Amino acid sequence: MSTPTARATRGHAPEGPKGTKWRFRVADRLRRTRTELRDILRAYVERVRGGDVGSLPAILGLIVLVAVFSALEPESFTSALNFANLIGQSAGVMVIAMGLVFVLLLGEIDLSAGVTGGVAASMLGVVLTEQGWPVALSLLTALLTGTFIGACLGVFVAKVGIPSFVVTLAAFLGFQGVMLQVIGEGGTIGYRDEFVLKLNNGAMPLWLGWTLAGVTIAGYGLATLLTIRRRRREGLVSQPLLLWALKTGALAAVVLAVVGYLSAERSPFPDLKSIKGVPNVLLVILLLVVVLSYLLTRTSWGRHIYAVGGNAEAARRAGINVAWIRISCFMVSSSVAAIGGVLLASRTNSVSPQTGGNETLLYAVGAAVIGGTSLFGGKGRVTDAVIGGLVIAVVANGMGLLNQPAGVVFMVTGVVLVFAAAVDALSRRRAASTGRA
Amino acid sequence: MSVPATELSATHPSDQPLLSLRGVHKSFGAVQVLQGVDLDVRAGQVTALVGDNGAGKSTLIKGVAGIHVFDSGDYFFEGEPVKVHGPKDANALGIEVVYQDLALCDNLDVVQNMFLGREMGPRVRLDETTMETRARETLDGLSVRTLQSVRTRVASLSGGQRQTVAIARAVLWNSKIVILDEPTAALGVAQTEQVLRLVRRLADRGLGVVLISHNLNEVFQVADDIAVLYLGHMVAQVRKDDVTRADVVELITSGATQRDGAAPMNGNGVAR
Ligand SMILES: Nc1ncnc2c1ncn2[C@@H]1O[C@H](COP(=O)(O)OP(=O)(O)OP(=O)(O)O)[C@@H](O)[C@H]1O
Ligand SMILES: [Mg+2]
């Protein structure tokens with residue numbers, strides 16, 4: 001839109017010796033790139049000013065937190081070992097938060113997501129360890145336990161009409177009871193299956209990590225590039241190629257840096273036991289992000305979730321089966337929570353009545369909200385859960401390294417959450433005042 | 001089967017109405033909102049539906065659209081009795097509605113709103129480019145130049161632009177009947193003119209159009225038929241040329257005209 005200067009100059013390239021012409025073209029290209037960059041930046045600033053901040057505050061917060069802890073604890077915080085630990089520690093909450101995004105998008109809440117994960121992990125312990133079922137069947141059973149729980153919650157909310165807060169509060173209490181009954185007070189059920197233990201403890205071979213990095217970068221780059229091409233062919237406004245290059249480049253830099261860092265030896269005693277490679281759990285997270293994001297953004301079901309969250313009555317009048325959308329969101333949320341619960345238990349090699357309890361749910365909701373998902377519904381993405389989950393994990397991890405007691409960690413996390421919620425509320429107000437709601 | 005002729009539809013004895021309602025009732029709990037309403041909508045004609053606030057106009061068209069199911073009464077489409085139990089049923093018949101509250105999702109963009117519930121492409125891989133192209137074409141067809149991008153979220157649009165998006169959504173499909181519930185309420189002078197011209201154009205294209213409006217100037221400008229709803233009763237559906245503005249005002253406010261010879265529904269019928 002605002003490249004009149006560039007366009008004007010492109011027309012009359014001076015007829016001169018070859019060298020001048022070539023140099024002119026380079027200068028012209030540079031100038032155009034600069035204008036394009038300025039336009040991209042301006043469009044972005046415009047969006048943020050309008051209240052559409054997305055994950056920006058969380059990313060900035062993450063950078064600040066990492067910088068602070070790196071300064072205070074340069075040795076331990078930035079070590080590769082700690083970095084890998086951070087991923088393992090945050091995985092369970094992060095995954096539960098991804099599922100919660102679906103429920104939050106509707107403007108509903110699932111207070112039982114954490115203990116749902118715990119129940120699923122208990123189920124896994126019962127069938128795998130105690131009954132000796134095959135591992136694949138056991139994992140499927142755990143997953144379907146989550147799906148079934150979600151279906152029940154969804155029916156109570158969408159068909160019976162009980163507020164989700166009440167339904168899931170009841171479920172939160174009830175499921176804690178279920179776990180106490182199944183596992184017994186103070187008891188645990190250990191996992192002995194290699195695959196389940198490796199889920200959130202082991203690391204993958206180096207080559208697999210690098211392959212994954214390549215697939216991720218190429219996959220993102222190609223998918224977005226194809227979209228741009230298709231839109232150009234149809235004569236539609238599309239993302240500037242420069243912006244595409246910047247985004248793909250940024251992703252490549254982050255992915256390569258992370259994989260590179262994780263591929264280094266991180267064992268405190270490398271002679272005794274070598275630890276290197278990308279943690280397996282990162283693959284689980286990546287797959288969930290890709291699949292769930294695709295469902296939300298590319299399918300009619302995902303579109304309808306946003307519609308129901310934005311204006312349920314409008315969705316109904318558009319012929320959308322609102323009750324089914326609600327129920328299915330709870331089913332997805334609880335199924336994903338089941339995966340999160342298994343990851344939590346895998347981390348500790350066993351499931352106890354506390355798995356998925358305590359602060360798990362609050363952290364998960366906090367992660368989604370800190371990442372930019374709105375509690376009012378209609379706004380949020382799966383990646384919000386990842387970014388917000390990282391923020392929470394960094395706080396807990398960094399404070400732990402500083403030998404702060406749990407009490408202080410909770411207080412700081414609380415402050416971060418209030419801050420994030422304030423950003424959400426303020427950006428909504430801002431959006432309303434600029435007419436962007 | 002043939003629709004029973006009533007005096008209300010006697011104005012067009014020859015051609016069959018696209019849509020006919022006969023003796024339609026609807027109540028919300030104890031509140032009887034529609035009490036035996038008849039309505040005919042004909043192809044190529046603009047039927048204005050007028051009536052005071054709370055007369056039941058919106059309720060009537062929501063029943064037609066399948067948002068509410070009528071408690072009793074007959075619903076004929078192209079002469080056939082039909083059952084409309086949901087918005088999809090009405091859409092399948094070719095009925096599109098622009099609701100009074102527009103029924104847009106603020107958090108979705110223009111294209112997403114226009115195709116909501118009827119997205120193009122496979123359900124698991126939506127065809128965004130085709131949808132965007134068709135949305136663009138439709139909006140251009142409405143000569144909406146003010147809209148910067150069809151990918152802006154509806155929340156950031158002005159009242160008039162939102163109204164236009166809602167109208168565009170209704171004319172996007174190959175529909176037979178378009179119902180507009182106070183489509184000009186939020187519009188300025190120029191845009192009102194534009195919408196009225198569009199209403200006329202749709203009818204001239206052979207669609208049946210229902211226009212709900214409180215503005216009698218508009219009604220007399222574009223309508224062929226005028227249907228007057230008074231406290232849940234359809235007190236008249238007449239040719240525009242057969243009535244004066246004063247008659248319509250009286251029908252709206254008292255449910256009868258002095259020419260009718262019938263007693264006005266709220267008493268005071270002295271000067272007959
Ligand atoms: N969902 C509902 N539940 C209960 N009562 C309703 C409902 N919808 C409408 N009503 C009642 O039905 C009556 C008619 O409402 P309706 O919206 O059809 O009026 P209207 O003719 O469209 O008025 P206006 O010109 O103000 O838009 C009103 O008394 C209203 O309170
Ligand atoms: Mg109304």
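Start with the second largest pocket, whose volume is about 620 Å³; a pocket here is, on a 1 Å grid over the protein atoms alone, an open set of points with protein on both sides within 12 Å along at least five of seven lines, and its lining residues have an atom within 4 Å of a point. The volume is the space filled by probe spheres set on grid points that are joined across faces, edges and corners. This is a predicted model, in which local features need pLDDT of at least 70 and side-chain atom pairs count only at pLDDT 80 or more, while totals for chains, interfaces and linings use all residues. Residues are numbered from 1 along each chain as its sequence is written, chains are lettered from A and ligands numbered from 1 in the order in which they are written, and side-chain values use heavy atoms, with hydrogens and water left out.

Select Gln89(A), Val93(A), Leu344(A), Glu359(A) and Tyr363(A), which lie nearest the centre of this pocket among its 28 lining residues. Then colour helix 5 (80-105), helix 15 (322-348), helix 16 (360-371), helix 17 (382-401) and helix 18 (406-433) of chain A, each of which gives two or more residues to the lining; helices are DSSP runs of H or I with at least four residues, strands are E runs of at least two, and both are numbered from the N terminus. By class the lining has eleven nonpolar, 15 polar and two charged residues, where Ala, Val, Leu, Ile, Met, Phe, Trp, Tyr, Cys and Pro count as nonpolar, Asp, Glu, Lys and Arg as charged, and the others, Gly among them, as polar.

Next, show the side chains of Arg32(A) and Asp28(A), which meet in a salt bridge at 4.0 Å, N to O; the term requires a side-chain nitrogen of Lys or Arg within 4 Å of a carboxyl oxygen of Asp or Glu. Because Arg32(A) and Asp28(A) are four residues apart in helix 2 (residues 18-49) of chain A, about one helical turn separates them.

Move on to the interface, where 28 residues from chain A and 30 residues from chain B are in contact, that is, have heavy atoms within 4.5 Å. Three salt bridges are counted between chain A and chain B, and one to select is Arg231(A) with Glu132(B), whose closest N and O atoms are 2.8 Å apart. On the side of chain A that touches chain B, helix 10 (206-233), helix 12 (280-298), helix 13 (300-310) and helix 14 (312-317) of chain A each supply at least two residues, with the largest share, six residues, coming from helix 13.

Definitions and conventions
On a 1 Å grid over the protein atoms alone, a cavity is a set of points where a 1.4 Å probe fits but cannot get out, and a pocket is an open set with protein on both sides within 12 Å along at least five of seven lines; lining residues have an atom within 4 Å of a point.
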